[in-house]
Amino acid sequence: AAKCLFIGVDIFTGKKLESICPASASLSEPIVTRIEYQLCDVTDDGFLSLMAKDNSMRDDLKLPDDETLSKKIRTAYDAGDELMLTVLGAVGTEQTIEMKKTLA
């Protein structure tokens, strides 16, 4: 029977993954979301207070695991810059992947 080789890169870790499946198999694809939030606060324990475009708030995301990005976010926030954070979500995981300063 024919087989298909799938090679992908994890969008959160950058890790390369491979899977071999029968050509007749039905496979599901992940739904990926990309949402921009305005950063309102960074708590001492690393949680982000974020506001969506519809003014709804969320406080359940931590600073990203990427030390460089986390430091950039914390430094810019402490300097008083207004920031927009891009949050990528898929398969039950969400993570901040990008930061940009807004022009005030």
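Helices (H or I, at least four residues) and strands (E, at least two) are DSSP runs, numbered from the N terminus.

I noted that this is a predicted model, where local features need pLDDT of at least 70, side-chain atom pairs count only at pLDDT 80 or more, and totals for chains, interfaces and linings use all residues. Residues are numbered from 1 along each chain as its sequence is written, and side-chain values use heavy atoms, with hydrogens and water left out.

I checked confidence next. pLDDT is the predictor's confidence in each residue, from 0 to 100. The chain averages 93, and 99% of the residues score at least 70.

I went back to N55, which is not a glycine but has a positive phi of about 70°. Most residues other than glycine have a negative phi. N55 is exposed, with a relative accessible area of 55%; exposed means over 50%, buried under 20%, and partly exposed in between (1.4 Å probe, protein chains only).

I then looked up V91, in the loop between strand 6 and strand 7 (93-101). Its phi is also positive, near 40°, and V91 is exposed at 69% relative accessibility.

Last, I looked at the largest nonpolar core, which has 15 residues. Such a core is a set of buried Ala, Val, Leu, Ile, Met, Phe, Trp, Tyr and Cys residues joined through side-chain atoms within 4.5 Å. M99 is among those with the most contacts inside this core. Beyond its neighbours within four places in sequence, M99 is in contact (heavy atoms within 4.5 Å) with residues including L69, I73 and L83.
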